[in-house]
Amino acid sequence: MRTPRGKLLLVLAVVLAVAGTGWGVAALLRSPADEAAARKPPRPSLVTVAVERRKLVATVVVSGALEYGSPYPVSLAGVVGGSETTQRATRAPRRGTLAEGAVMMEVNGRPVFVFSGTVPMHRSIVSGAKGADVEQLQKALRRLGHRAPATGVFDRATVAAVSRFYAKKGYEAQQPTLELRQKRDDLRRAVRTAQEVLATERMALDQGKDVLPLKLKLAGARQDLKEAEQALGSARAQDRTTEDEAKVEAAESAVRAAEEKLLAAQQELAQATATPTAAPSLGPSPTVSATAGPPADTRLLELRVANARADLAAARSALERVLKEAGITRAARLTELGKNVRLAREAVATAEQALRQARQLSPVKLKVANARRDLAAARALLAEFSRTYGVTVPPGEVVFLPRLPARLHKPAVKAGEPVDKSVATVTSASFVVSGSVDVAEAERVKPGLNASIETEAGKTVPGTVTSLGGRDAKGAVPVTITPTSMKGLKKLAGAPVTVRVTIGATDREVLVVPAAAVVTAADGRARVQVEIAPDRTKEVEVRTGLSADGAVEVTGELKPGDLVVINSA
């Protein structure tokens, strides 16, 4: 049973509760006049920003990760060694730096070397091979100090250089396998067998009774031709025959005798016609006396001289006839001997043709032809095989990388695993940041622009834009930034970074206003509203320049500290 005091307290509590509820309801209820007063807009005011003087830098922000550049998957171009057996890694690739000539891994105990070059390894380089890949290998050997020509031909000098390089690395250059050696012996044996068969069939053809008489006839014709040619040669070497020579000597002797006879007759005639000489006197007085006799009779002597001249002329004429007859006789003899030579040659040609036709018609002829073709084919196969026989560079033992030194970033095969796919991924030894920008921003980004690379730890590294690609799957443009210095970046590999690419900057401090404060009027001129008093403004014409981060460079009748309006709510 409650006491009077308790009842009083209860009543008081109810009264307070009712009063509080009434006050709350009254606070929520407003009259129409109160609602209208509450919804009345505030007094209009201006939003202004002060004009600044500072340097303005325009940047494009690129997000990416700091990674080693130019990732390149490495695969072997073919077998390692000379065997087509299963290729299994016996020494796996290891992370680290790859220099030119280094052993990247081993397959079936054979090395896989890396060289610098843009032409991929795509075949076995064998003796006599020609091409850009051979020249590329030669230049790599030369860079490593091994004397090799740069002819693009895998010749003996290049084979020697390859052998020296392998030996220096502790390996032996790939020699012909047992299978190849056996194949070469088989090809040589095939050539010898074909030679023996051809000799046998030729002997059977030559010894055939149907061609033996023709062979004897041909031998006789060739002997006759030889004798006819010798006779013609002897005749051409001699001016006259023995008989003609005797006739010429007799005629020349007759001419000399006639010349002597004429000379003697002329001397006798001269003596007979000479004037007699008077004898000298021995008395004191030198008187001369002469007795003139009758003239001598010289008619006989003159007749002898005339006859001697006639005999000399006749002797000379006879000599000319003998010489002429000797020349005619020699020409006729040479003509006859030349005819004999021609006839002998015709006889030889006829005998050869008869023998050739007889051999063609002989049943053994087909066997000889077949044996000759078999020998030619065997020799061709041996020559083709020998051309590539010797030291080779298997396609899997050399990997050409576009740039060295490189960094082996990630091995893709372990020792003992088969090698049938990519064996590793290599990168360049320098870091790059790979990111992307929107197409609109990409138009302002160019290779060579300066950039600032910021890590999450707050470290800043300068860099340069090195390349821009085409659009990716999301429609953005890939961009690559390369740090100007690699110092201290090794520990940050893979870390996310933010890159700010500077696309423009003022060379000094300039007046800067918010871009929202600039309004372009109908006449195409830019203006800003400058507050000159509370709620009072004036228009100031400006010229705009570089814009960045929502601010724009302006020039005009402005000064630092002026308040420009960015909206008038």
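1. Largest pocket. In this predicted model, the largest pocket holds about 410 Å³ of space. Its lining comprises 19 residues, of which Gly-82, Ser-124, Thr-177, Leu-180 and Thr-392 lie closest to the pocket centre. Divided by class, the lining has 10 polar, 7 nonpolar and 2 charged residues.

2. Largest cavity. The largest share, 3 residues, comes from H4. The lining is formed by Phe-113, Phe-115, Leu-137, Leu-141, Val-162, Phe-165, Tyr-166, Val-393 and Val-398. By class, these are 9 nonpolar residues, with no polar and no charged ones.

3. Largest nonpolar core. This core has 24 residues, and the members that touch the most others are Phe-115, Ile-125, Leu-137, Phe-154, Val-162, Tyr-166 and Val-393. Two or more residues each are given by strand E8 (110-116), helix H3 (132-143), helix H4 (156-168) and strand E9 (398-401). Of these elements, H4 gives the most, with 5 residues. In soluble globular proteins, nonpolar side chains tend to be buried together.

4. Val-162 in core and cavity. Val-162 is among the core members that touch the most others, and Val-162 also lines the largest cavity. Leaving aside residues up to four places away in sequence, Val-162 touches Leu-137, Leu-141, Phe-154, Ala-173 and Val-393. Among these partners, Leu-137, Leu-141 and Val-393 are likewise in the lining of the largest cavity.

5. Helix H7. This helix covers residues 242-272, 31 residues in total, and spans 46 Å from its first C-alpha to its last, close to the 45 Å expected at 1.5 Å a residue. Its buried residues are Asp-244, Val-248, Ala-251, Val-255, Ala-258, Leu-262, Ala-265 and Leu-269. An α-helix has 3.6 residues a turn, so residues three or four places apart point the same way. A charged residue, Asp-244, is included in the buried set of H7.

6. Overall architecture. The protein has 10 helices and 22 strands. Of its 569 residues, 31% are buried. Among contacts between residues at least 6 apart in sequence, 71% join residues at least 24 apart.

Note on methods. Residues are numbered from 1 along each chain as its sequence is written. This is a predicted model: local features need pLDDT of at least 70, side-chain atom pairs count only at pLDDT 80 or more; totals for chains, interfaces and linings use all residues. Side-chain values use heavy atoms; hydrogens and water are left out. A nonpolar core is a set of buried Ala, Val, Leu, Ile, Met, Phe, Trp, Tyr and Cys residues joined through side-chain atoms within 4.5 Å. Buried means under 20% relative accessible area, exposed over 50%, partly exposed in between (1.4 Å probe, protein chains only). Helices (H or I, at least four residues) and strands (E, at least two) are DSSP runs, numbered from the N terminus. Contact means heavy atoms within 4.5 Å. On a 1 Å grid over the protein atoms alone, a cavity is a set of points where a 1.4 Å probe fits but cannot get out, and a pocket is an open set with protein on both sides within 12 Å along at least five of seven lines; lining residues have an atom within 4 Å of a point. Grid points are joined across faces, edges and corners, and a volume is the space filled by probe spheres set on the points. The expected span of a helix is 1.5 Å times one less than its number of residues.
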